[in-house]
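Thanks for coming, everyone. I'll keep this brief. Have a look at the model on the screen, and then we'll walk through it.

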Amino acid sequence: ENIENKKNPKIIKNSLVLIISIMALIILLDTFKKPINLVIPNTEFILGSLYETLKDILLFIQDLF
């Protein structure tokens, strides 16, 4: 029982760090999308698709509540 209680905060902390890291990466990519687009074509299209996917996920979560 003690082992399970110690693992749960670690999972929550790691999940929170992962979510914050992904958000920071998205913000960084959005900030430098034009220079990145010169190196990796269609970056703006990929970011647009990512934004639409995030919107859909948020709408799905809102529908659950």
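Let's start with Glu52. Its relative accessible area is 43%, so Glu52 is partly exposed. Before going on, a reminder: this is a predicted model.

Which residue does Glu52 pair with in a salt bridge? The partner is Lys55, and the closest N and O atoms are 3.5 Å apart. Both residues belong to helix H3. They sit three residues apart, which is about one turn of the helix.

How many salt bridges does the structure hold? Two. The other pair to note is Asp30 with Lys33. Here the closest N and O atoms are 3.5 Å apart. Asp30 has 32% relative accessibility, so it counts as partly exposed. Lys33 has 29%, so Lys33 counts as partly exposed as well.

Now the overall picture. The protein chain has three helices and zero strands. Along the sequence, that reads α-α-α. How much of the chain is buried? Of its 65 residues, 5% count as buried. The chain exposes about 6,200 Å². Carbon and sulfur atoms supply 69% of that area.

Next, Thr43. This residue is in helix H3. Is Thr43 buried or exposed? Buried, because its relative accessibility is 8% and the cut-off for buried is under 20%. What does Thr43 touch, leaving aside neighbours within four places in sequence? It is in contact with Ile36 and Asn37. There is also a polar pair to look at. A polar atom of the Thr43 side chain lies 2.5 Å from the backbone oxygen of Ile40.

Now go to the other end of the helix. Helix H3 covers residues 43–64, and Leu64 is found in it. Leu64 has a relative accessible area of 59%, so it is exposed.

To recap helix H3. It holds the Glu52 and Lys55 pair. Thr43 in this helix is buried. Leu64 in this helix is exposed. That's my tour; over to you.

Conventions
Residues numbered from 1 in each chain as written. Predicted model: local features only at pLDDT ≥ 70, side-chain atom pairs only at ≥ 80, totals over all residues. Heavy atoms only, no water. Helix = DSSP H or I, 4+ residues; strand = E, 2+ residues; numbered from the N terminus. Buried < 20%, exposed > 50% of the residue type's maximum accessible area, 1.4 Å probe, protein only. Areas by Shrake-Rupley, 256 points an atom, 1.4 Å probe, with all protein chains shown as cover. Polar contact = N/O pair within 3.5 Å; in protein donor to acceptor, adjacent residues only side chain to side chain. Contact = heavy atoms within 4.5 Å. Salt bridge = Lys/Arg side-chain N within 4 Å of Asp/Glu carboxyl O.
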